[in-house]
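Me: I would like to go through the packing of this model with you. Could we begin with the basis of the values and then turn to the interior?

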Amino acid sequence: MTAALKVIIADDEPLAISNLKAKLALYSNLEIINCFDNGDDTLQFLQTTPDIDLVFLDIQMPGIKGIDILQQAAKGSAMTRPLFILVTAYEQFAFSAFEHFAFDYLLKPVSRQRLAQSLLDARTALDKLPQQVAPAPVNKLTFKTGASTLLLDDIDIMLIEAAGNYMCIHTLNDTLIIRETMKELLQRLPKQFVQVHRSTLLNLHHVHKLQPHNNDYEFQLSNGKKVNASRRYKLNWAGQLSALPQH
């Protein structure tokens, strides 16, 4: 039998805590350990209680703010315990949250469907922790196009999109066509290239902004281009936002 996830909730609105507790009560594999209405008590509890699995964290609270708690936690990955799920009415903090390794970002009011998906993602991530191995970094990448071989710096590639039997490599100045599958590219590209959609690989180094979008996510790249990211692939990139440039 799978062990229950140990959960804490931090929100300065009593009604918000009550609503979230009522929704979480439907899950027998969760155990709510404690609830807090301010950031200072939340941080102190986390610093003295190492076995918490999941933290539902508001951003605007008395005392230390939710983003600051994330920063103080000094996580090296979104996939290490505890997983932080931000619950807030403010979508503009999403980039900062993921930059400091939040696992998920829920906008109030949180629907039961959205919460269920987040919990499923969290359980999946925690179950897979021992198997996660980061690939070795690569600076030069080769691609075959017809009889020629292209040699590209990884930083020059912004994203790669599937187009039928071909892949379109979008660089800073050009679009190149290669004949290679998504699966083949994923096996050999460096770790900052992540699948964010069924047909899209994204270079995280070119992400300028991240925000929730229609129950999924939307990345804005350094050239202003917007790329839709499916929730299905969030586990691919949520733990790698340390690769993003600082803003």
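Predicted model: local features only at pLDDT ≥ 70, side-chain atom pairs only at ≥ 80, totals over all residues.

Me: How many residues has the largest nonpolar core?

Reply: The largest nonpolar core has 61 residues. Such a core is a set of buried Ala, Val, Leu, Ile, Met, Phe, Trp, Tyr and Cys residues joined through side-chain atoms within 4.5 Å; buried means under 20% relative accessible area, exposed over 50% and partly exposed in between, with a 1.4 Å probe and protein chains only. Among the residues with the most contacts inside this core are L24, L54, F219 and W237. A second, separate core of 14 residues includes I157, M167, L176 and L201.

Me: What does W237 touch?

Reply: Leaving aside residues up to four places away in sequence, W237 touches F98, V194, V196, L204, L210, Y217 and F219; contact means heavy atoms within 4.5 Å. W237 has a relative accessible area of 0% and is therefore buried.

Me: And how many aromatic pairs does a search of the whole structure find?

Reply: The search finds seven. Rings of Phe, Tyr and Trp (its six-membered ring) pair if their centres lie within 6.5 Å; planes under 30 degrees apart count as stacked, over 60 as edge-to-face and the rest as tilted. The centres of Y217 and W237 are 5.3 Å apart with planes at 85°, so this pair is edge-to-face. Y217 belongs to strand β14 (residues 216-221) and W237 to helix α7 (residues 234-237), 20 residues apart. Helices (H or I, at least four residues) and strands (E, at least two) are DSSP runs, numbered from the N terminus. F219 and W237 are also edge-to-face, at 5.2 Å centre to centre and 80° between the planes.

Me: Which residue lies over the face of F103?

Reply: K234 does, at 3.7 Å from the ring centre. The criterion is NZ of Lys or CZ of Arg within 6 Å of the ring centre and within 35 degrees of the ring normal. R179 lies over the face of Y166, at 5.0 Å.

How values were computed
Residues numbered from 1 in each chain as written. Heavy atoms only, no water.
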